Amino acid sequence: MSSNLHRVEEDEIDIREIFSTIYRYKVMIILFVVLAGIVSSYIAYFKPNVYQASATVETGIDRYGFMASARQDVLSMAMSGDAANAETEIEIIKSRFLSQKAAEEVDITHRYYTTRKFKEVELYKDSPFKVGMLRGYEISFEFYPLDEKSYRLVVKNAVDENKAEWSYDEVHEYGKEVSSEYFHLNIVRVKEAADSKYRFVVFDPRESGLIAHENVSVQQLSKYSKLLEISYEDNVALRAQEFTDALASAYIRQNIENKTQEAERKLEFIEEQLKYITENLKSSALKVEEFKRSSQTVELSAKAQKTIEQISDYESQLSVIGIQEKLLNTLYEQIKSGEGLENISVANLSLSDPSLSAMIKKLQDAIIEKKQLREDYTEMYPGVVKLTMMISELKKGIASTVKNLRQSTKEKKELLEHSISKYRATLEKLPADERMFGQLQRKFVVNEKIYSYLLEKRSETAMVKAATVSNNRVIDHALYPEEPIKPKRKLIVLVGLILGLILGVAVAFMREFLDDRIKEEEDITRKTSLPLLGNIPHIKEGKAGEIKVFSSPKSGVSEAFRNLRTNLQFMAYEKESLMIATTSTISGEGKTTVSINLGAIMSMAGKKTIIMNLDMRKPTLHERFGIDLGKGLSSLLAGRAMLKDVIQHTQYENLDVITSGPIPPNPSELIQGQMMGKVLEKLKEVYDVIILDTPPIGLVTDARTLMNYADISLYIFRANVSRKGFIKHLETITELHEVPGLGVVFNDMQSGAGYGYGYGYGYGYYEEEQK
């Protein structure tokens, strides 16, 4: 139980010491807080604003919505549904490719600045001039408008590719080309300049996507949502809004472009075939007309007409199958070689099964997305690995399907050729003119059918292209950001103040740790077992010759000395004449002040008291009482004066003093001589209390000798002057020398440093007398 109480007491002491340390260094801590507040306010003010604009887009769910049935089980593991799709879409939007597309619509590369209210702000579209540049990207130019026609252009301390420093300062006219070794630009005036100085930097347009890419962020609004939020951060609110919208639009356009590529390639192929068939059709028509005129043949027999129509129909089908066979062979070779896969198309193949077209579309999408991801990630990135696996499986599935289609086409072609051969044999039995006319008519009909077929396909493809819409759409366009998202100026200042407080407290405790001075009584009681006989509060400087206990008998100082007097009386209650020695480690710890006020408080109790100044090297006692040094102890011990001649009566009743006298060359020898003991014995016969004001024991040995004469020895420590190492010196003295009645007095204790030790600690018990 007692140990627990002891721990609680120690905890309370520690907490009190913490607050005591903070209170002692409060001025320094406040200074740190104020300085940190000033610095953080400076940073918060001059830190540029950052605005964020956001747009919301909905992603299509059918990007990977269906697969070739032959590869369904294998590919289903590569694509894990909408979550994987959303991840891929996010990386596409964040790619440099799309940022470059968006940067083509928004001016990312030109930065115009001016200084207002002591900080630099960017003007963007509010600049009074515009700059066109061919060379000199990323150079910081200073622009000074002079009048409506001219301006001054300045470059300071720039460095070229060879690390050579260069500068520029010239006046030019608006609209004129400015060319130098380092740059080539043209500046056009837009409106009247409101400021006298501007600064501008132009970045390489080819790097605009890279510049913008760093500030793009995309997030999925919820785990299973198809909605993505596109955000862009910029120092200019309007540019943040415009770029966000441009990026969302570029994403939508990219999706449409990917979907219309197939239709565009189909139209190109049809146009090429139409040119060829048109020429053939014209040639066939001319030959038929010419044959009619030359042979005077107007029409064919019914049998010939039917045979020719059948042959024409089969040949038309054979022609279409030939085109398909050619396309299938080309497609198969491309799949096997792996080259140009993103450009292949099956739009020209009339296939009843849409699986091949679907797989090729998926393959092309996967290849494009992989290329976009590879701009920012390595082959080891999970998204890239998934796409690589999917591409490999799709290629296998497409190759297998094309191979089967080739075989089916080949068999169909052979059947058509066999049927055509059969009807041609029938045609050969017709008369020569009729047979020739039939052949010409057949070619014309075949070309006419192919031409009609191609026209129909061109119209269908054009309609498909015109009707193509993106699977994605913009839900919310970006709004103009009214307030910046950062810097959080209040937070910066608050953090600065907190850091200043923390730093101030840390420095305070560091100083406290490094400060070896004694500040409170616990610093003494923790390191010595000697009794603490009294705590003397701070004594304010008074008039010359003024003694505190006489001038303010009801003050806290007087009460502290009364408490000391009581403790001393308890220690030597059997002594008729009490001899007290006061000493300290070094000078300046207040032993003389304690001696004087202790003597005064003893005399006020009716004790006949004498104070002896034994510090002959640095005497100050006579100055405190306002008396002459005259003959003193040195004269007495040297045999040049009588005892009655050196005793001086003060203005205070029951209080006498013996000054140190003239400073002798050998004070230690005088004090250690036999005369010293005789003088003290003589004084005991006359005085109730004899107080020996000895030299500092840490500097000379005189005090040790005198302490052997004393009944009680008081070792004085002064707050904020005495070092903690002095306590070790006191402990050494007690170990090596048996000093009778040795106790400690804590002098000049600051207000609030003590706590409840008799009346001497309750310094508010009596108020200081008002003068």
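How many residues does α2 have, and what distance does α2 reach from its first C-alpha to its last? In this predicted model, helix α2 has 21 residues and reaches 30 Å between those two atoms, close to the 30 Å expected at 1.5 Å a residue. Let's start our walk here, with α2 covering residues 26-46.

Look at how the residues of this helix are placed. Met-28, Ile-29, Ala-36, Gly-37, Ser-40 and Ala-44 are buried. Tyr-42, in contrast, is exposed, with a relative accessible area of 54%, and Phe-46 counts as partly exposed at 33%.

Now look at the rings of Tyr-42 and Phe-46. A pair of aromatic rings is described by the distance of the centres and the angle of the planes. For Tyr-42 and Phe-46, the centres are 4.6 Å apart and the planes are at 45 degrees, a tilted pair. What separates these two residues along α2? Because they are four residues apart in the helix, Tyr-42 and Phe-46 are separated by about one helical turn.

Next, compare this with Trp-166 and Tyr-182. Their ring centres lie 4.1 Å apart and their planes are at 10 degrees, so this pair is stacked. Trp-166 belongs to strand β7 (residues 165-173), while Tyr-182 sits in the loop between β8 (177-179) and β9 (184-189), so the pair ties together parts that are 16 residues apart in sequence. Trp-166 is buried, with a relative accessible area of 6%, whereas Tyr-182 is partly exposed at 26%.

Across the model, the count of aromatic pairs comes to 18.

Rings can have charged neighbours too. Lys-119 lies over the face of Tyr-45, at 4.7 Å from the ring centre. Likewise, the charged end of Arg-152 sits over the ring of Tyr-144, 4.9 Å from its centre.

Our last stop is further along the chain. Which residues touch the most other members of the largest nonpolar core? They are Met-612, Ile-658, Leu-683 and Phe-717, in a core of 44 residues. Leaving aside residues up to four places away in sequence, Phe-717 touches a list of residues including Ile-518, Ile-524, Thr-585, Leu-730 and Phe-746. There is also a second, separate core of 32 residues, with Ala-560, Leu-598, Val-657 and Leu-714 among them.

Key. Residues numbered from 1 in each chain as written. Predicted model: local features only at pLDDT ≥ 70, side-chain atom pairs only at ≥ 80, totals over all residues. Heavy atoms only, no water. Core = buried A, V, L, I, M, F, W, Y, C linked by side-chain atoms within 4.5 Å. Buried < 20%, exposed > 50% of the residue type's maximum accessible area, 1.4 Å probe, protein only. Contact = heavy atoms within 4.5 Å. Phe/Tyr/Trp six-rings, centres within 6.5 Å; stacked < 30°, edge-to-face > 60°. Lys NZ or Arg CZ within 6 Å of the ring centre and 35° of its normal. Expected span 1.5 Å × (residues − 1).
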